[in-house]
Amino acid sequence: MSYNFILSSILFLFTFCYMMLLYYAWQNRETPISVSYGLGVLTAFFYTFGYAFQLLSTTVDQMMFWIHIQYIGIPFAPFIWVIMTLQFTGKQRFLTKRTIALLLMGPIYTLTAHFTNEWHHLFYKSATLDFSQGFPLIDLDRGMLFYLHIFYVYIYHLFGVVLLLHVYFQANKERRKQIILMLIGSLFVFGFPFIHSVDALKIPIDISPFGLIFSSLFYLWGIYQFNMLKLSPLAMKKVFESINDAVIIFDTDNNLKICNKSANNLFEQIPNNKLIGKPAAKVLSHFPLLVSFIEHKAEMDNGSTQSMQLREKYYNVHFSYVNGSNNFPIGKMFILHDITESIKYEESLLLQSKQYEYLAHHDVLTGLYNRTYFEEEVKKKLEQSREKDAALMLCDLNFFKEINDVYGHLTGDKVLIFAADCWRECLPVPNILARLGGDEFIMFFEQIESKEKFFKQINEIRHVFQMNLYKRDNIEIEVVPSMGIAFVKEEGSDYEHLYHTCDTRMYEDKKNTKEHYSMKEL
């Protein structure tokens, strides 16, 4: 088999490999660097594929045709290299429309100069056949426009190299390995064409496609060793910095190694880089509870979480070990998730629940229990008080309609509140006090010492109402209650019967009260 067929077969094999890499880049197209990497592979595909057929060609015209195919990709290689390095180093913010347009001027120049060469012969002065290797090769006499193309290509390459070197000196050990792979790969991509372009080694065969083969091997190694297409090192850092939760990493001796911006916002003293390497007790001196949690992690399970309050906020602090390549812990990671809003929401729900429960059991105006709650509670008490001397008392306010008519309903409401306060202060305890509605109140006394003493207490309450008038806004009103009382030992423990008895006796008292006040007016 001829030498040129062997070289073509190698190039065809790697053309197939480039197709596989293109497919891999397409699968990871969500990551911008995967797109630029895929486009770079595509330029290599056109170059390698075109040169493989060029080696099999026998005439100048055939060879020039395949050179044209190669130049579909060649001009864009430096352009894509710059974009890829900007993305890899986290500088993609510079990839504006204006920047991309400026960078595209180089490829556009090369395409124009190359494909119009037949008009001016300034890119290639001449093309002849060379049979020195035993098979035909094209010998191109390069012109001024070709060397201008070479100039801009290596300006682009130098820019990317400087950018990578700048990041290299700021990177950790793992990142430096990735950058070295990028640099070595670029030397094959741009170094071999440079050697061939300036005839440094006087090799008649174009070694540039074979340089692409070596660079692809390095990039393949990087892909599988470091998963470079998934996230670049600085992209990983950017993700780390963009996490809303505070992330703090300590070594196994509880010395600070790294923290993100959210942690900086939470702990004002952390942004000082001098604190890197300092113990947790010093870094988090204002948060002793968190320090205690960090320092006792050896006693707790990996993946454990503890809730705690730090200053005015609440956090779920999640702990996990950071393992090295040997799967042994080399550090501790603490993620602080702010749950303050959740806590406040839960407290709000609890408060609303209590408010709803209060409204369900109480009268809104007076704050006393309402009819529903009173009946439920008294019926329970009556079941328990069969052996006790308990009492039920019903009352309303005489002349209340006249108060509303003369002074207005707002004053009437204030009088009801005044009466409720008097009942609270003066009634014997224990008792359950409720407002039935309107001017009607009801009370249950779970235990009374004797009827005589109880009546004496009720008469004292009447006297309190007589002595303590409602006084507000230059108004004086005497609150005159009528009362009806039923005793459990005498009337039984049936609530409805007790209520009916109280109601009857209250209206008897009301009749007597009104007669008394009528005589008083006379």
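Residues are numbered from 1 along each chain as its sequence is written. In this predicted model, local features need pLDDT of at least 70, side-chain atom pairs count only at pLDDT 80 or more, totals for chains, interfaces and linings use all residues, and side-chain values use heavy atoms, without hydrogens and water.

The chain has 21 helices and 13 strands. These are DSSP runs, numbered from the N terminus: helices are H or I of at least four residues, strands E of at least two. Of its 522 residues, 46% are buried (under 20% relative accessible area, 1.4 Å probe, protein chains only). Take contacts (heavy atoms within 4.5 Å) between residues at least 6 apart in sequence: 61% join residues at least 24 apart.

A nonpolar core is a set of buried Ala, Val, Leu, Ile, Met, Phe, Trp, Tyr and Cys residues joined through side-chain atoms within 4.5 Å. Two are listed here.

| Core | Residues in core | Members include |
|---|---|---|
| Largest core | 59 residues | Y18, W81, Y124, I179 |
| Another core | 31 residues | A420, W423, L433, I458 |

In the largest core, Y18, W81, Y124 and I179 touch the most other members. Elements that each supply at least two residues include α1 (3-27), α2 (32-56), β2 (137-142) and α8 (144-168). α8 gives the most, with 12 residues.

α1 and α2 pack at about 160°, with axes 8 Å apart (lines fitted to C-alpha atoms over the stretch in contact, angles from 0 to 180 degrees between N-to-C directions). α1 is therefore roughly antiparallel to α2 (over 145 degrees). Their contact has 20 nonpolar, 6 polar and no charged residues.

Key. Buried means under 20% relative accessible area, exposed over 50%, partly exposed in between (1.4 Å probe, protein chains only). Angles under 35 degrees count as roughly parallel, over 145 as roughly antiparallel, 65 to 115 as roughly perpendicular and the rest as oblique. Ala, Val, Leu, Ile, Met, Phe, Trp, Tyr, Cys and Pro count as nonpolar, Asp, Glu, Lys and Arg as charged, and the others, Gly among them, as polar.
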